[in-house]
Amino acid sequence: MIKALSQASMIATCGINCATCYAFQRIKNRCVGCLTLEGNKPNHCHTCKIRNCEFLASSPSGYCYDCVKFPCQRLKNIDKRYRLKYHSNLIQNLKDLKLMGVEDYMMRETERWTCRACGGTLCVHKNECPVCNGRLEV
């Protein structure tokens with residue numbers, strides 16, 4: 001189960017909750033999260049064009065919602081993919097994060113991504129709970 005994290009490093013600049021990512025949830029070679037500077041991460045996280053965006057560097061919060069180009073085409077593209085494949089709206093996640101603040105947002109995310117059957121943490125990239133194999137409710 002995800003603990004209510006107040007660490008901003010668990011929320012990727014694009015609005016993905018790292019705790020719900022398959023790379024963070026796996027046991028072997030576990031990812032440390034998008035914004036964590038050191039530790040294991042998939043190569044696509046290191047080379048991510050959104051995370052390494054030159055406009056994001058001037059964002060006061062470090063999140064895309066503060067960018068002058070929000071939502072840019074790169075963010076719209078990944079948002080569309082996540083809405084269609086994974087039923088997760090990244091642009092809305094970022095708007096909610098800005099409105100709620102990190103701590104309240106992560107508390108909501110913890111509730112949202114907890115399996116109602118077993119209490120395990122659901123994965124945004126799968127249609128079933130990785131703990132009990134129950135179907136993901138969307």
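Buried means under 20% relative accessible area, exposed means over 50%, and partly exposed is in between, using a 1.4 Å probe and protein chains only.

Quick note on what's on the screen. This is a predicted model, where local features need pLDDT of at least 70 and side-chain atom pairs count only at pLDDT 80 or more, while totals for chains, interfaces and linings use all residues. Residues are numbered from 1 along each chain as its sequence is written, and side-chain values use heavy atoms, with hydrogens and water left out.

Back to N93, which sits in helix α4. Contact here means heavy atoms within 4.5 Å.

Now look at what α4 packs against. Helix α3, residues 73-86, meets helix α4, residues 90-100, at an angle of about 110 degrees, and their axes are 8 Å apart. That makes α3 roughly perpendicular to α4. Under 35 degrees counts as roughly parallel, over 145 as roughly antiparallel, 65 to 115 as roughly perpendicular, and the rest as oblique.

Who does the touching? On the α3 side we have L75, K76, I78, D79 and Y82, and on the α4 side L90, I91 and L94. Sorted by class, that contact has 6 nonpolar, no polar and 2 charged residues. The classes go like this: Ala, Val, Leu, Ile, Met, Phe, Trp, Tyr, Cys and Pro are nonpolar, Asp, Glu, Lys and Arg are charged, and the others, Gly among them, are polar.

Between these two helices there's a loop, and H87 is in it. Its phi is near 55 degrees, a positive value in a residue other than glycine. H87 is partly exposed, at 43% relative accessible area.

Next, the core. In soluble globular proteins, nonpolar side chains tend to be buried together. A nonpolar core, for us, is a set of buried Ala, Val, Leu, Ile, Met, Phe, Trp, Tyr and Cys residues joined through side-chain atoms within 4.5 Å. The largest one here has 33 residues, and the members touching the most others are C14, I16, L75, I78, Y82, L94 and L97. Helices α1 (22-25), α3, α4 and α5 (102-112) each supply at least two residues of this core. Take L75: leaving aside neighbours within four places in sequence, L75 is in contact with C14, I50, C64, F70, I91 and L94.

F70 brings me to a detail: the peptide bond from F70 to P71 is cis, with omega near -10 degrees. P71 is in the loop between α2 and α3.

Last topic: charges. Side chains of opposite charge can pair when their charged atoms come close. How many salt bridges does the structure hold? There are 5, where a salt bridge is a side-chain nitrogen of Lys or Arg within 4 Å of a carboxyl oxygen of Asp or Glu.

One of them joins D66 and K98, with the closest N and O atoms 4.0 Å apart. D66 lies in the loop between α2 (43-46) and α3, and K98 in helix α4, so this pair ties together parts that are 32 residues apart in sequence. Another stays inside α3: R83 and D79 meet at 2.7 Å, N to O, and they sit 4 residues apart, about one turn of the helix. D79 is buried at 4% relative accessibility, whereas R83 is partly exposed at 37%.

And here's R108 again. Its side chain meets D96 in a salt bridge of 2.7 Å, N to O. D96 lies in α4 and R108 in α5, so the pair ties together parts that are 12 residues apart in sequence. Through shared partners, salt bridges join D96, R108, E109 and R112 into one network.

Technical notes: Axes fitted to C-alpha atoms, helices over the stretch in contact; angles between N-to-C directions.
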